[in-house]
Amino acid sequence: MFRNATAICLHLVGPLRGKKSGASLTRCLHQTLTMAKRLQARRLDGIDHSPWVEFVKLASEEADVVNFGEGFPDFSPPEFAVEAFQHAVSGDFMLNQYTKAFGYPPLTKILASFFGKLLGQEIDPLKNVLVTVGAYGALFTAFQALVDEGDEVIIVEPFFYCYEPMTLMAGGRPVFVSLKPSPIQKGEPDSSSNWQLDPMELASKFTSRTKAFILNTPNNPLGKVFSREELELVASLCQQHDVVCITDEVYQWLVFDGFQHISIASLPGMWERTLTIGSAGKTFSVTGWKVGWVLGPDRLMKHLRTVHQNSIDQCATQCQAAVAQSFKREQLHFGQPSSYFVQFPQYIQRCRDHMIQSLQSVGLRPVIPQGSYFLITDISDFKNKMPDLPGAANEPYDRRFVKWMIKNKGLMAIPVSTFISVPHQKFFDHYIRFCFVKGEHGQRVEWRKWKQQKQEEKKKWKDLKMTKKLERQRAQEEQAKRQHEEEAAAQSEERGLVHAVVSALCQDRVREDAPETLMSE
Amino acid sequence: MAKRLQARRLDGIDHSPWVEFVKLASEEADVVNFGEGFPDFSPPEFAVEAFQHAVSGDFMLNQYTKAFGYPPLTKILASFFGKFLGQEIDPLKNVLVTVGAYGALFTAFQALVDEGDEVIIVEPFFYCYEPMTLMAGGRPVFVSLKLSPIQKGEPDSSSNWQLDPTELASKFTSRTKAFILNTPNNPLGKVFSREELELVASLCQQHDVVCITDEVYQWLVFDGFQHISIASLPGMWERTLTIGSAGKTFSVTGWKVGWVLGPDSLMKHLRTVHQNSIDQCATQCQAAVAQSFEREQLHFGQPSSYFVQFPQYIQRCRDHMIQSLQSVGLRPVIPQGSYFLITDISDFKNKMPDLPGAADEPYDRRFVKWMIKNKGLMAIPVSTFVSVPHQKFFDHYIRFCFVKDESTLRAMDQKLQKWKAELMP
């Protein structure tokens with residue numbers, strides 16, 4: 001690329017030769033140097049780093065690493081979804097061509113009717129629904145539509161990592177508010193429901209510049225499911241400050257232990273200021289289809305449509321057709337035991353529980369999630385035992401621990417500091433995130449391996465202890481023996497002395513007694 | 001001080017040129033659609049089978065793939081296009097898979113265009129270049145293709161439409177960040193010659209400008225013309241982003257798979273946009289495209305190649321449409337390539353100057369609305385593809401898509417015959 005300043009100068013020297021003497025070469029060179037074009041747009045500043053790249057690369061370099069880092073299932077989607085896609089690519093050949101820009105009509109129609117019931121809202125497929133490239137694309141579209149230079153965006157920590165760079169790329173200023181764990185009884189497991197926002201602190205984050213509040217429930221990475229009271233607090237602040245709520249609800253169907261997912265858009269006064277984002281990938285275990293959606297009032301949606309028509313224009317037709325058919329199937333089974341939205345969370349809850357036990361068996365302390373694909377686990381004990389793991393100067397402990405774990409235990413997780421703003425990372429550097437939406441086989445095999453390793457280590461340590469004990473015993477015995485010998489030697493010396501003394505004494509005695517005895521003969 | 005809701009980047013770009021016409025066409029009964037650019041026939045069997053294979057095989061294809069592209073796809077794009085561009089292409093550093101060529105364009109604009117940057121756009125242009133430039137804060141600078149004089153009675157050809165070299169050079173300033181090239185061109189169908197590309201190349205190098213080249217129709221070239229990728233010219237690989245489309249390559253516009261090829265020094269910035277906008281593209285669509293390219297790589301250059309058969313078929317469709325349009329007094333410009341041709345409606349403008357429409361509405365828009373309602377045919381007014389100040393120079397052209405099934409072309413013939421009959425005194 002033609003960016004070398006000297007080259008630019010040389011290019012200018014030619015025409016400059018003909019200039020009047022007043023135009024000094026120095027001034028022109030200076031102008032040229034300051035004028036060398038910057039290549040990339042400034043919107044990319046500070047967002048060019050990907051937190052995953054390093055770990056994914058490390059995991060691929062090590063042999064036999066089991067991936068609990070990335071959030072996707074490693075088992076097949078439900079049969080009805082697979083069949084829906086097969087049907088979409090084998091039927092009407094016109095499905096191979098463009099569909100309507102804002103969404104394949106059968107999909108927007110069923111999203112409108114399905115979620116209309118859940119949100120208690122009349123949803124128009126044309127005005128209130130936009131189909132996007134995954135929920136990720138939905139988030140991007142929403143940020144680009146609404147966030148401008150100087151707008152503040154409140155983000156709850158820990159947060160799905162893309163919210164911060166998307167805010168920055170749109171020129172916005174992220175304002176963070178942390179979920180904090182309440183104290184728990186010693187020995188009791190921590191739960192995501194213990195982690196809460198401080199209402200006063202939350203209220204203090206809203207200013208006249210606040211444009212949007214990003215809600216994620218169930219939360220990634222923590223797994224927290226916001227309660228009605230918590231949502232009402234957020235809702236009241238959004239209304240009070242005229243703030244748009246962008247709610248990422250991709251894990252809405254993955255809720256455990258009888259907790260309930262509540263969509264904030266269903267609360268009074270919230271439909272008109274909420275964008276509700278969903279994901280077919282997380283709904284039907286088909287993350288590779290990359291179909292998401294936004295539901296919201298037309299006055300917000302029209303701006304997202306503007307972004308959409310100037311960024312991707314439309315989404316893949318057959319992927320959308322498959323999602324539409326999958327929703328139709330679920331609509332028939334909704335609320336019944338045969339519903340995927342009933343069966344899948346039950347299965348995943350078992351996977352979650354299995355993982356929790358396995359983590360606990362190796363001394364990790366998982367926070368029991370109420371929902372989502374993930375849990376975080378406290379690694380403080382390891383931080384105390386092995387504080388000095390290899391890594392860069394300021395690298396948070398959890399990142400160093402994960403790298404160590406990939407290399408030494410063949411397991412990949414994601415450091416929770418990835419989901420935290422840089423100034424607050426030190427408060428979260430003793431947590432790592434695991435995805436438990438993994439086949440039981442994978443879980444059983446790998447945890448057994450770590451457990452086995454741990455047992456082997458334990459045995460080794462035990463053997464070592466035993467060896468040391470024996471050595472100590474032997475040493476003690478030797479010492480005792482030496483002591484005994486010394487004592488014996490000392491004793492015999494003493495005895496000798498005593499004997500000598502006694503002998504001497506005896507002899508004296510004999511000499512005193514001796515003349516009569518000897519005379520009688 | 002009520003807060004402004006939407007971001008300022010949306011200013012001036014919220015209007016869609018299509019909506020009105022698509023709506024009108026759907027309201028009228030029995031309208032034959034030559035407006036929108038997609039085939040109304042089946043894709044080649046090998047492509048359909050590739051997609052069926054992708055959704056029936058390895059179940060892990062239902063999950064996320066690598067962010068910057070499904071590896072078998074980036075690998076084959078690298079090897080396939082490496083040969084064309086005479087360049088060693090690294091699948092990881094020089095290839096990015098996007099949501100169609102549309103997504104590729106957006107990613108490129110967002111990566112490189114900033115407030116105050118100038119972007120040179122050749123008119124007539126694929127309509128999204130202007131709003132994408134504006135959304136990125138850039139300033140579009142237009143330079144028009146102009147018709148060279150033709151003999152009376154001779155049909156016009158897209159090769160007659162040229163850029164004036166002096167005018168073109170004058171558009172480059174110190175603020176010029178990018179030059180948008182589209183060859184074969186939509187809507188005109190022009191295929192830029194080597195000499196024309198060399199002129200653009202030399203100006204880009206002279207002014208340190210990035211060339212973004214939209215080559216979605218690269219395989220649809222007729223009459224023995226040759227598509228040339230500007231990235232293959234000396235000194236251009238390092239400053240060019242070459243955009244392609246699976247949709248237009250394999251007649252599968254609904255798969256929405258596109259790509260960008262370019263040097264790492266540019267691509268790394270596109271990757272930053274990509275990872276902060278969509279993160280990855282649909283896996284199985286990519287797998288199907290990879291398999292389709294693998295098939296073509298085996299047949300390349302042979303009569304069995306889709307890249308040989310398809311343009312031959314489409315050229316016949318083009319010729320059919322040209323004849324039919326001429327029979328009612330429309331004057332099509334014979335395109336050298338692409339899905340489209342534009343047709344001169346001056347005679348109608350003279351005969352029926354006062355068609356219903358808004359005050360400043362360009363004639364071609366009013367004509368298309370009249371044609372939809374009265375003749376049951378839909379096309380797109382070419383002023384859609386021209387900057388507002390220059391629309392008056394192009395308001396006597398409308399664009400037709402001829403990549404349509406025989407039955408659609410026959411339906412067109414019926415409409416045109418009826419039209420012709422109505423023209424008789």
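Me: By relative accessibility, does Asp279(B) count as buried or exposed?

Reply: Buried means under 20% relative accessible area, exposed over 50%, and partly exposed in between, using a 1.4 Å probe and protein chains only. At 13%, Asp279(B) counts as buried. Before we go on: this is a predicted model, so local features need pLDDT of at least 70 and side-chain atom pairs count only at pLDDT 80 or more, while totals for chains, interfaces and linings use all residues. Residues are numbered from 1 along each chain as its sequence is written, chains are lettered from A and ligands numbered from 1 in the order in which they are written, and side-chain values use heavy atoms, leaving out hydrogens and water.

Me: Where is Asp279(B) found?

Reply: Helices (H or I, at least four residues) and strands (E, at least two) are DSSP runs, numbered from the N terminus. Asp279(B) is in the loop between helix H9 (264-275) and helix H10 (283-299) of chain B. Its phi is near 75°, a positive value in a residue other than glycine.

Me: And what is phi of Asp313(A) near?

Reply: It's near 75°, positive in a residue other than glycine. Asp313(A) belongs to the loop between H11 and helix H12 (317-333) of chain A, and it is buried, with a relative accessible area of 13%.

Me: How many aromatic pairs are there over all chains?

Reply: Rings of Phe, Tyr and Trp (its six-membered ring) pair if their centres lie within 6.5 Å; planes under 30 degrees apart count as stacked, over 60 as edge-to-face and the rest as tilted. By that rule you get 77 pairs over all chains. Take Phe85(A) and Phe51(B): the ring centres are 5.7 Å apart and the planes sit at 75°, so this pair is edge-to-face. Phe85(A) is in helix H4 (residues 79-88) of chain A and Phe51(B) in helix H2 (residues 45-54) of chain B, so the pair joins two chains. Both Phe85(A) and Phe51(B) are buried. Phe160(A) and Tyr163(A) also pair edge-to-face, at 5.9 Å centre to centre with 75° between the planes. Phe160(A) is buried at 17% relative accessible area, and Tyr163(A) is buried at 2%.

Me: Over which ring does the charged end of Lys438(A) sit?

Reply: A charge sits over a ring if NZ of Lys or CZ of Arg is within 6 Å of the ring centre and within 35 degrees of the ring normal. For Lys438(A), the ring belongs to Phe72(A), with the charged end 4.7 Å from its centre. Arg305(A) has its charged end over the ring of Phe102(A), 5.9 Å from the centre.

Me: Which residues does Tyr251(A) touch?

Reply: Contact means heavy atoms within 4.5 Å. Not counting residues up to four places away in sequence, Tyr251(A) touches several residues, including Asn220(A), Lys282(A) and Phe374(A). Tyr251(A) lies in the loop between strand E9 (244-248) and strand E10 (274-279) of chain A, and it is buried, with a relative accessible area of 5%.

Me: Which residue does a cis peptide bond join to Asn220(A)?

Reply: Pro221(A), with omega about 20°. Pro221(A) is in the loop between strand E8 (210-216) and helix H9 (228-240) of chain A. Over in chain B, the peptide bond from Glu123(B) to Pro124(B) is cis, with omega near -10°. You'll find Pro124(B) in the loop between strand E3 (118-123) and helix H5 (129-135) of chain B.
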